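Open the model in your viewer and keep the selection panel at hand. We will go from the whole chain to single residues.

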Amino acid sequence: MTMMNIIEAINSALQLEMDRDDKVIVFGEDVGHAGGVFRATDGLQARFGERRVVDTPLAESAIIGAAVGMAARGLRPIAEIQFLGFIYEAMDQLASQAARMRFRSAGTITLPMVVRAPYGGGVRTPELHSDSLEGLFLHSPGLKVVMPSNPYDAKGLLLAAIRDENPVLFFEPMKLYRFRKEEVPDGDYIVEIGKANVVVDGSDLTLITWGPTVPLAVGLAQKFAAEEGVSVEVIDLRTIAPLDVDTILASVNKTGRALIVHEAVKAGGVGAEVAALISEQALFSLEAPILRVTGYDTPYPVGGVEDDWLPNAARIAGAIRQIMSYA
């Protein structure tokens, strides 16, 4: 075991898998000599050479297009998009090509590729650097979407993503990159894609979240248990596509109440999908309306007001009290 933050855990996973499988290739803007804008690929080019860790031009569509071609021809490419907001340039390659290849070829072509990208607010970035766009890809069947919130999951999920035979989008919460260190196994292990984690057990209300809002949710659950006698169960989805519907429903059937918290905009988002699933399959367990605390339905704001735009402790606590008022 070694104490690692998320960036170090990602770097560890990349090194381990490139050692294990010479078909794994890393490429993107500044991933080589510079080691990536956040240093996730630090040291990889020196260790594995310029043919396996490749600096590319600033051209996101070309980066993802190259990944699709490599994966179709038997390699296991890992493409880095420097910030998730830049991925709009590659939407055609992802939604029209990568997501459909296996269906289009009746399963004869697999596409084992990973697209890594940092996302999320709280770090005062310029425009298009903080957007949370996971909803776009939940709406593109054929893609898997993974969103870890801690170092252990980041390493185990990335190893699972690289070995998956389908295209996997691996979104990394910028705010949590160096948020904390925890013990992470030095060797090989897998965290299953599509399996949520019940981070805090509870009996009164289910709080469903993922990525950068998980630590905030856990802190509030502990606060409500200690100060208000409300037992909040916190579920970290870890994977947006496929969703772990069984874990969500089991929790809501137990608590009878559901709150969904995420940074992305509210309209048409992942939270809306989760709320609809609960309404369809656990309606008669509910003792209160399902609420969502999210970003607002505007473009991501300038840094000076992002603390008011993002889900914060006051907004989430207010939603918990509103739901519990239906006792």
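**Whole chain**

Show the cartoon first. This is a predicted model. The protein chain holds 12 helices and 14 strands. Its radius of gyration is 20 Å, close to the 20 Å from the globule rule for 327 residues, so the chain is as compact as a globular protein of that length. Along the principal axes, the C-alpha trace spans about 60 × 40 × 40 Å.

The accessible area of the protein chain is about 13,200 Å², with 52% of it on carbon and sulfur atoms. Of the 327 residues, 57% are buried. Among contacts with a separation of 6 or more, 82% join residues 24 or more positions apart.

Now colour by charge. There are 29 positive and 42 negative charges, and their mean positions lie 3 Å apart.

**Salt bridges**

Side chains of opposite charge can pair when their charged atoms come close. The count here comes to 21 salt bridges.

Select glutamate 172 and arginine 116. Their side chains form a salt bridge, 2.6 Å from N to O. Glutamate 172 sits in strand β7 (residues 168-173) and arginine 116 in strand β5 (residues 114-119), so follow both strands: the pair links parts of the chain 56 residues apart. Is this pair buried or exposed? Glutamate 172 is buried, at 0% relative accessibility. Arginine 116 is buried too, at 2%.

Next, select arginine 321 and glutamate 228. This salt bridge also has an N to O distance of 2.6 Å. Arginine 321 belongs to helix α12 (residues 313-324), while glutamate 228 is in the loop between α8 (214-227) and β11 (232-236), so the bridge ties together parts 93 residues apart in sequence. Arginine 321 is partly exposed at 42%, and glutamate 228 is partly exposed at 38%.

Move to aspartate 21 and lysine 23. Their side chains meet at 3.3 Å, N to O. Aspartate 21 is buried, with a relative accessible area of 10%. Lysine 23 is partly exposed, at 35%.

Then pick Glu17, Arg20, Arg163 and Asp188 together. Salt bridges link these four in a network.

**Helix α9**

Select residues 245-255, which make up helix α9. Which of its residues are buried? They are Thr247, Ile248, Leu249, Ser251, Val252 and Thr255. Show what surrounds them. These buried residues pack against β9 (197-200), β10 (205-209), β11, β13 (258-265) and α10 (270-281).

Step just past the end of α9. Glycine 256 has a positive phi of about 80° there.

**Backbone details**

Most residues other than glycine have a negative phi, and most peptide bonds are trans. The last stops depart from that pattern.

Go to the loop between β12 (239-241) and α9, where proline 242 lies. The peptide bond from alanine 241 to proline 242 is cis, with omega near 5°.

Select arginine 238, in the loop between β11 and β12. It is not a glycine, yet its phi is positive, at about 60°. Arginine 238 is buried, at 10% relative accessibility.

Finish at leucine 128, in the loop between β5 and α6 (134-138). Its phi is near 70°, again positive in a residue other than glycine. Leucine 128 is partly exposed, at 36%.

Methods:
Residues numbered from 1 in each chain as written. Heavy atoms only, no water. Helix = DSSP H or I, 4+ residues; strand = E, 2+ residues; numbered from the N terminus. Rg over C-alpha atoms; globule rule 2.2 N^0.38 Å. Buried < 20%, exposed > 50% of the residue type's maximum accessible area, 1.4 Å probe, protein only. Contact = heavy atoms within 4.5 Å. Areas by Shrake-Rupley, 256 points an atom, 1.4 Å probe, with all protein chains shown as cover. Lys, Arg positive; Asp, Glu negative; His and termini not counted. Charge placed at Lys NZ, Arg CZ, Asp CG, Glu CD.
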